[in-house]
Structure formats: C-alpha cells, structure tokens
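Let's take a walk through this protein together.

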Amino acid sequence: MSRFRAFISIDIEEEEVVNRIVEVQERLKASGADLKLVEPENVHLTLKFLGDIPESRVTDVVNAMKKAVETVEPFTMRLKGIGVFPNPNYVRVVWIGVEEGSDETKAMAAVLEQELGRMGFRRERKDFVPHVTVARVRSGRNKDRLVEVIRELSNVEIGEVEVDRIRLKKSILRPQGPEYHTVEEVEI
C-alpha cells in the first residue's frame with residue numbers, strides 16, 4: 001500500500017505577503033546565522049502534521065477537514081511579528097505570528113486534533129500555536145546576531161491572507177528541499 005508524508009495547511013499564496021516574508025528571511029540570513037530558509041513556494045501554516053499515512057486514509061482525513069471548516073466562515077489572517085521555538089536562548093525554528101485570524105485557525109486545529117485523534121492519528125503533546133515557519137536553525141553560528149535581528153523584527157507587519165480553504169498536502173523530501181503537492185482541498 002502506498003504511503004505519503006502528509007500535513008493539513010493554509011497555504012500562503014498572496015504575492016505581496018510572500019515577498020514580505022522573503023524580505024524578512026533576507027534580514028534573518030544577513031545575521032550570518034546557519035539557517036535553512038523555507039522556500040517561498042512552500043510557505044504555509046500547518047494546521048496538523050500527520051506524518052506518513054497510507055493513501056487509503058485520505059477519505060478519513062478529508063472528512064475531518066470538512067468537520068473542521070464547519071466551525072468557521074472564510075476569514076482574514078493577519079500575519080505580524082517574529083517568534084521562535086523552543087525559546088530565545090535555544091532557537092531551532094523562526095516563525096511569523098498570526099494576529100488576526102488566530103481564533104479561527106485554533107478552532108479548526110482543535111477539531112482536526114479531535115477528529116483525527118479519534119481515528120487513531122497521533123495526538124499533539126503541545127498546544128497549537130498558529131504560526132508560519134520561515135527558517136530552521138542548523139547550528140549555533142552567529143546565534144547572538146540572529147536573536148538581535150529577531151528582536152528587531154518582533155512587531156514586523158507582514159500582511160493579510162484571505163483564508164477560504166484548507167488543503168491536505170503531500171510532502172516529498174528531496175536533498176535540495178521539500179516539494180509540497182496538494183492532494184485534496186476543502187473550501188470553508
């Protein structure tokens with residue numbers, strides 16, 4: 001049976017917003033830190049990471065997605081500010097926050113967690129924090145300069161995204177970077 005690495009996302013496709021994210025990534029990169037930047041075409045907000053799933057589970061996942069979108073109306077997601085995981089003393093992931101639209105993303109993520117957990121998918125151990133990952137830190141090189149840039153960008157305005165659908169994505173890991181493909185799409 002064929003399997004694929006999967007996640008459920010809100011894709012960030014507005015050119016102006018993507019360009020603004022790239023500007024932020026260039027500022028982060030200029031710190032000299034050892035970063036793996038997320039490719040502009042791959043920028044998204046993950047509602048739920050599923051891991052490797054058999055293709056036979058796609059219908060179950062889509063049913064959970066349909067229940068998740070029942071909880072919200074199409075909405076505007078405003079991206080603002082930079083944050084990190086796990087904390088500023090040990091930065092592994094740099095992300096952009098969700099100011100407006102956070103409640104809607106949390107509501108959909110909660111339903112997905114509940115429905116997919118009921119179907120046997122692994123439950124998250126941490127609370128869902130709506131964010132758009134923009135870089136991963138590979139080493140401690142120039143960490144102090146990176147933290148300084150992150151502090152400078154803590155309230156940076158990125159822009160607005162109109163959210164009217166969520167997608168089941170297939171991730172193919174390649175040496176040059178991941179490729180994401182839409183498997184299914186559910187309108188809000």
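A word on the ground rules first. This is a predicted model, in which local features need pLDDT of at least 70 and side-chain atom pairs count only at pLDDT 80 or more, while totals for chains, interfaces and linings use all residues. Residues are numbered from 1 along each chain as its sequence is written, and side-chain values use heavy atoms, with hydrogens and water left out.

Let's begin with the overall layout. The protein chain holds four helices and nine strands; here helices (H or I, at least four residues) and strands (E, at least two) are DSSP runs, numbered from the N terminus. Along its principal axes, the C-alpha trace spans about 45 × 35 × 30 Å.

How much of the protein chain counts as buried? The figure is 47% of the 188 residues, where buried means under 20% relative accessible area, exposed means over 50%, and partly exposed lies in between (1.4 Å probe, protein chains only). The protein chain exposes about 10,200 Å², and carbon and sulfur atoms supply 44% of it; accessible areas come from the Shrake-Rupley method with a 1.4 Å probe, and for residues only the protein chains shown count as cover. Among contacts (heavy atoms within 4.5 Å) with a separation of 6 or more, 79% join residues 24 or more positions apart.

Now turn to a pair of helices. Two packed helices are described by the angle between their axes and the distance between the axes. For helix 2 (residues 58-69) and helix 3 (residues 102-118), the axes come within 8 Å and cross at roughly 145 degrees. Axes here are lines fitted to C-alpha atoms, for helices over the stretch in contact, and angles run from 0 to 180 degrees between N-to-C directions. The crossing of helix 2 and helix 3 is right-handed: a crossing has that label if the near helix is turned clockwise from the far one by less than a right angle, and is left-handed if anticlockwise. Helix 2 brings Val-61, Ala-64, Met-65, Lys-67, Ala-68 and Val-69 to the meeting, and helix 3 brings Met-108, Val-111, Leu-112, Glu-115 and Leu-116. By class, this contact has nine nonpolar, no polar and two charged residues. Ala, Val, Leu, Ile, Met, Phe, Trp, Tyr, Cys and Pro count as nonpolar, Asp, Glu, Lys and Arg as charged, and the others, Gly among them, as polar.

Next, look at Leu-47 in strand 3 (residues 44-54). Leu-47 is buried, with a relative accessible area of 4%. Not counting residues up to four places away in sequence, Leu-47 touches Ile-8, Ser-9, Ile-10, Thr-105, Met-108, Ala-109, Leu-112, Phe-128 and Ile-166. For contrast, visit Glu-41 in the loop between strand 2 (35-37) and strand 3. Glu-41 is exposed, at 64% relative accessible area.

Strand 8 (residues 165-172) contains Ser-171, which counts as buried at 9% relative accessibility. Leaving aside neighbours within four places in sequence, Ser-171 is in contact with Arg-5, Phe-7, Pro-178, Glu-179 and Tyr-180. Pro-175 lies in the loop between strand 8 and strand 9 (179-187), and counts as exposed at 86% relative accessibility.

Most residues other than glycine have a negative phi, and most peptide bonds are trans. The peptide bond from Phe-85 to Pro-86 is cis, with omega near -5 degrees, and Pro-86 sits in strand 4 (residues 75-87). Asn-142 has a positive phi, near 55 degrees. You will find Asn-142 in the loop between strand 6 (131-137) and helix 4 (143-152), partly exposed at 30% relative accessible area.
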